[in-house]
Amino acid sequence: MSINSDLVLKNIKVKRFEFDLNEVVPFIDGQTINISLNPTPIISKNSIHEGLLELKVTLFDKDYQIKQEPFYLEIIVQGMFEDEGNEEVNLFEVYFPNMLSMLYSYVRTYISSVTGMFGIQGINIPTINVFKFLESDVDNN
């Protein structure tokens with residue numbers, strides 16, 4: 001079965017990656033991780049069918065030592081998207097949940113791979129239901 005989509009991920013890059021380890025508090029497998037997601041859509045000035053989605057994901061927060069949390073991690077990933085639609089609707093109005101889901105899956109892989117190379121247990125963040133996240137985000141402004 002083939003499903004065609006007009007959405008194309010043209011490029012993805014890591015804009016920022018910050019990791020600080022709290023050496024006095026070990027990370028335990030299965031531990032609850034506070035995750036913050038902050039997507040920022042930026043439509044192209046040239047076309048409503050091109051845009052950049054920037055996704056900032058934070059695990060715990062900068063007060064991780066005070067709160068006795070095992071680490072602080074922030075990653076910002078940028079995905080350049082375009083669609084081939086002929087509609088007069090911008091690509092974020094049509095594909096935003098898909099775009100967010102695509103970038104989040106890259107973020108999960110980046111975090112797992114990079115933290116595993118730091119000499120600690122690789123950190124695997126859970127998958128998310130993008131539609132529920134967007135509904136809760138609207139509820140929380």
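Predicted model: local features only at pLDDT ≥ 70, side-chain atom pairs only at ≥ 80, totals over all residues.
1. Residues are numbered from 1 along each chain as its sequence is written, and side-chain values use heavy atoms, with hydrogens and water left out.

2. Overall dimensions and burial. The C-alpha trace of the protein chain spans about 55 × 35 × 35 Å along its principal axes. Of the 141 residues in the protein chain, 38% are buried. Buried means under 20% relative accessible area, exposed means over 50%, and partly exposed lies in between (1.4 Å probe, protein chains only).

3. Secondary structure. The protein chain contains two helices and four strands, in the order β-β-β-β-α-α along the sequence. Helices (H or I, at least four residues) and strands (E, at least two) are DSSP runs, numbered from the N terminus. Among contacts in the protein chain with a separation of 6 or more, 69% are between residues 24 or more positions apart; contact means heavy atoms within 4.5 Å.

4. Charges. The protein chain carries 10 positive and 20 negative side chains, with the centres of the two sets 6 Å apart. Lys and Arg count as positive and Asp and Glu as negative, while His and the chain ends are not counted. The place of a charge is taken as NZ of Lys, CZ of Arg, CG of Asp or CD of Glu.

5. Strand pairing. Two strands pair if DSSP finds at least two bridges between them. Strand S2 (residues 35-43) pairs with S3 in the antiparallel sense over nine bridges, and a hairpin of six residues joins S2 to S3. Strand S3 (residues 50-59) is also antiparallel to S4, with 10 bridges. Strand S1 (residues 7-21) pairs with S4 in the antiparallel sense over 13 bridges.

6. Leucine 52 in S3 stands opposite isoleucine 42, and the bridge partner of leucine 52 in S4 is methionine 80. Valine 14 has valine 77 of S4 as its bridge partner.

7. Strand S4. This strand (residues 71-83) has 12 of its 13 residues buried, so S4 is largely enclosed by the rest of the structure. Glutamate 82 lies in S4. Its side chain makes a polar contact of 3.5 Å with the side chain of lysine 10. A polar contact is a pair of N or O atoms within 3.5 Å; within protein, one must be able to donate a hydrogen and the other to accept it, and residues adjacent in sequence count only if both atoms are side-chain atoms. Not counting residues up to four places away in sequence, glutamate 82 touches Asp6, Leu7, Val8, Lys10, His49, Glu50 and Leu91.

8. Lysine 15. This residue belongs to strand S1 and counts as exposed because its relative accessibility is 51%. Lysine 15 and isoleucine 76 are 61 residues apart in sequence, yet their C-alpha atoms are 5.4 Å apart in space. Leaving aside neighbours within four places in sequence, lysine 15 is in contact with Glu54, Ile76 and Gln78. A polar contact of 3.2 Å links the side chains of lysine 15 and glutamate 54.

9. Phenylalanine 60 has a positive phi of about 60° although it is not a glycine. Glutamine 68, also a residue other than glycine, has a positive phi near 60°. Phenylalanine 60 is classed as buried because its relative accessible area is 7%.

10. The loop between the helices. Asparagine 124 is found between helix H1 (91-117) and helix H2 (130-139). With 57% relative accessibility, asparagine 124 counts as exposed. The side chains of asparagine 124 and serine 112 are joined by a polar contact of 2.9 Å. From asparagine 124 to phenylalanine 96 the separation is 28 residues in sequence and 24 Å in space, C-alpha to C-alpha.
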